[in-house]
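The exercises below are to be worked with the sequence and the structure in view. Each task is followed by a solution in steps.

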Amino acid sequence: MVLINLTGIQPTGFTLLADDVQPKEGENVAVSVERLLAEDSAFFDTAGGVGAVITTGTPYADLDAIAGKLAFAVIEFPAFGDGRGFSLAVRLRKDFGFKGEIRATGPVIPDQALFLLRAGFDTVDVTSERKTAFEAALSRFPGFYQSDFGGQTSIAHARHTVGHTIGHSGEGHRKAS
Amino acid sequence: MYAYDTYDHAMVNARVAEFRDQVDRRMKGELTEEEFRPLRLMNGLYLQLHAYMLRVAIPYGTLSAGQMRKLAHVARKYDKGYGHFTTRQNIQYNWPKLSETPDILQELSDVEMHAIQTSGNCIRNVTTDQFAGAAADEVADPRPYAELIRQWSTFHPEFSFLPRKFKIAITGAAEDRAAVKWHDIGLVLKQNEAGEVGFEVLAGGGMGRTPVIAKSMREFLPISDMLSYLEAMLRVYNEQGRRDNKYKARIKILVDAMGIDEYRRQVDAEWEKIRHVPIDVPEEEVARIKAFFAPPPLPVLADAATEVDELENANFVFKAWLANNTGAHKVPGHAHVTISLKPHGGIPGDATDEQMDLVADLADAYSQSEIRVSHEQNLILPHVAKSDLPALWSKLDEAGLGTPNAGLLTDIIACPGLDYCSLANTRSIPIAQTITERFDDIKRLMDIGPLKIKISGCINSCGHHHAGHIGILGVDRRGEENYQLLLGGSGAEDASKAAILGPGFNEAGIVDAVEKVVAVYLGEREDDETFLSAYRRLGPDVFKEAVYGTD
Ligand code: SF4
């Protein structure tokens, strides 16, 4: 696997904790939402940065209790067509003002690269054969019709804003901030 | 009509380049068919029974003469000389070669057309009233809003991988010619008491295995809130729509399961959170798009034209065409004209390259270079001066496009069925052909009056049989093609679900059954009663008796 960096964020190094393993003091760990909800303080008190592993079936209301404490999030796509993953990322950014890294894992396809970026993802875990196609897909479209939660304004707004530029070279996303 | 600016062009051209690369990788074997499938589907390219099929979007059914010429050119150069206009105001080509599809899309892009989101689990081509901008009974032209939705929904970062496909229809007139109540979301332009224009919003309609008529979400939504409200509706659906069973994945199932009130509550809660995020476009953008749909500069003319009266008196076919295929225009002295793609014995919705070229020429000569496609699979010239009608009709008639049957029994909607479609149980086209041959008598058809027959080759209902005054559904009965007969559906403002009358028939039997149903109507009708009103008054029993006999 290789990590595709969509926004230029400093990716988080972390340990994916198995169910029966406790975090080491100060360690960055990723844990399932269920476990975070059940054993909340065990993690947030001991570990370093805590990330939630969020499945696409997670009701977003489950994020209420934990989103404010997360350092990063990993959204797992069981299939590339499971669009709930996009809404979860949007929810994190929009409803919780989440600023940490959002990573996509699972069989997402290169042609989704810009969809992921625009829904608020920073990074994607992909198989190494897909790296080139993913990177090519990132520079394919000059602009989009939607404003997104990563800070890009829509073509509709750009049309009427003097001096406004659009583009997905990263400006307007994280690199600018 | 809307015209692309550099942003729109750049977007569609980038899409063609992307698709060319994908096809290239597929041809070289770098992509397997399994990997390629979702990519081609996102570009409207299906694999059918015999060949690939390319579905090209005709946004809200509006075309220029130049675009129609391009469609004719594509039919001639890349296909077998014809195209098929669909119930979703699109056109399908049945025989493109995979290697040539990027070239087709490039040619289409040159005239501001594309195949984006004509398939896949995304927001599809927004459909509307085929007489939009022309009909006398319109509150407002729905097309600027359809274009806004087209742009907002194109490559939407969040709603491109929904539980299932998603169809939105808009109408601007009280008479619903866009079947909005049969859509995932229906929008009806209305004026409120203060004289402001906004939408009634409907949700959860759909056909398929579980036909449902849409329910009202809001009586009045201001236009400026349209996109944020749609976004809230789509978000709740994207998160909670079922993904475990594709037959239960449409929004109609979600709305039924949670109830319209709960769905509305959740949408409203979400909408409150996003109303002030700049999803809705700036006012200047709405004004920019609206300007493209400004009414054409038609002169006000006398409503009576001597040329028309003379030919009407001399020629019965013209008289029939005038009565059935033309309608009241906003501007006095003009009419909108329906060009029937339902010649008796022909294939509903098919047009040859020559016919498409001719329609383009006629649009240039008589209709401000504008053409429309209806969900009933006909073509429309929206802005014709009445004094031009005789000349227009004779040119259409010569080319086999003058069938005076719009809105009558032989103006049949039929899906492609087993002649093309890999999901079909039965053929649909031959049933339509046999029925239209059986009723090939314009006097008889006019006596019968408005009657909509709709035929689907399987329960996916692409032929809208649930909404047919007479619906025909192809089923598989132990390996035999079998046709069920349904009565009493409507796709209009008085939407209703057609009900199955009784056991199914074979190919000959279904045509006889239709004839018996019509005979019962003619015998039982009162005064000017239409077929649908008579059926609603009489109920199914007398039809059942006539069709199945009594024991
Ligand atoms: S209704 Fe069925 S047979 Fe007809 S086009 Fe749709 S899927 Fe194919």
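Is Phe144(A) buried or exposed, and at what relative accessibility? At 5% relative accessibility, Phe144(A) counts as buried; buried means under 20% relative accessible area, exposed over 50% and partly exposed in between, with a 1.4 Å probe and protein chains only.

This is a predicted model, in which local features need pLDDT of at least 70 and side-chain atom pairs count only at pLDDT 80 or more, while totals for chains, interfaces and linings use all residues. Residues are numbered from 1 along each chain as its sequence is written, chains are lettered from A and ligands numbered from 1 in the order in which they are written, and side-chain values use heavy atoms, with hydrogens and water left out.

**Exercise 1. Describe the aromatic pair of Phe86(A) and Phe121(A).**

Step 1. A pair of aromatic rings is described by the distance of the centres and the angle of the planes. Rings of Phe, Tyr and Trp (its six-membered ring) pair if their centres lie within 6.5 Å; planes under 30 degrees apart count as stacked, over 60 as edge-to-face and the rest as tilted.

Step 2. Over all chains, this rule gives 25 aromatic pairs. In one of them, the ring centres of Phe86(A) and Phe121(A) are 6.4 Å apart and the planes stand at 80°, so the pair is edge-to-face.

Step 3. Phe86(A) belongs to helix H3 (residues 84-96) of chain A, and Phe121(A) to the loop between helix H4 (113-119) and strand S7 (123-126) of that chain, so the pair ties together parts 35 residues apart in sequence. Helices (H or I, at least four residues) and strands (E, at least two) are DSSP runs, numbered from the N terminus.

Step 4. Phe86(A) is buried at 0% relative accessibility, and Phe121(A) is buried with a relative accessible area of 0%.

**Exercise 2. Find the ring that pairs with Phe144(A) across the chains.**

Step 1. Phe144(A) and Phe155(B) form an edge-to-face pair, 6.4 Å centre to centre with 80° between the planes.

Step 2. Phe144(A) is in the loop between helix H5 (131-138) and helix H6 (155-158) of chain A, and Phe155(B) is in the loop between helix H5 (143-153) and strand S7 (168-171) of chain B. Phe155(B) counts as buried at 3% relative accessibility.

Step 3. One aromatic cluster includes Phe86(A), Phe121(A), Phe144(A), Phe155(B) and Phe161(B).

Step 4. The charged end of Arg118(A) sits over the ring of Phe144(A), 3.5 Å from its centre. A charge sits over a ring if NZ of Lys or CZ of Arg is within 6 Å of the ring centre and within 35 degrees of the ring normal. In chain B, Lys80(B) lies over the face of Trp95(B), at 3.7 Å from the ring centre.

**Exercise 3. Which residues of helix H14 of chain B are buried, and what do they pack against?**

Step 1. In helix H14 (residues 429-438), the buried residues are Ile429(B), Pro430(B), Ile431(B), Ala432(B), Ile435(B) and Thr436(B).

Step 2. Among the elements that they pack against are strand S18 (470-477), strand S19 (480-487) and helix H16 (507-524) of chain B.

Step 3. Arg427(B) is in the loop between S16 and H14 of chain B. Arg427(B) is partly exposed, with a relative accessible area of 23%.

Step 4. Residues up to four places away in sequence not counted, Arg427(B) touches Leu418(B), Asp419(B), Glu481(B), Tyr483(B) and Glu507(B).

Key:
Contact = heavy atoms within 4.5 Å.
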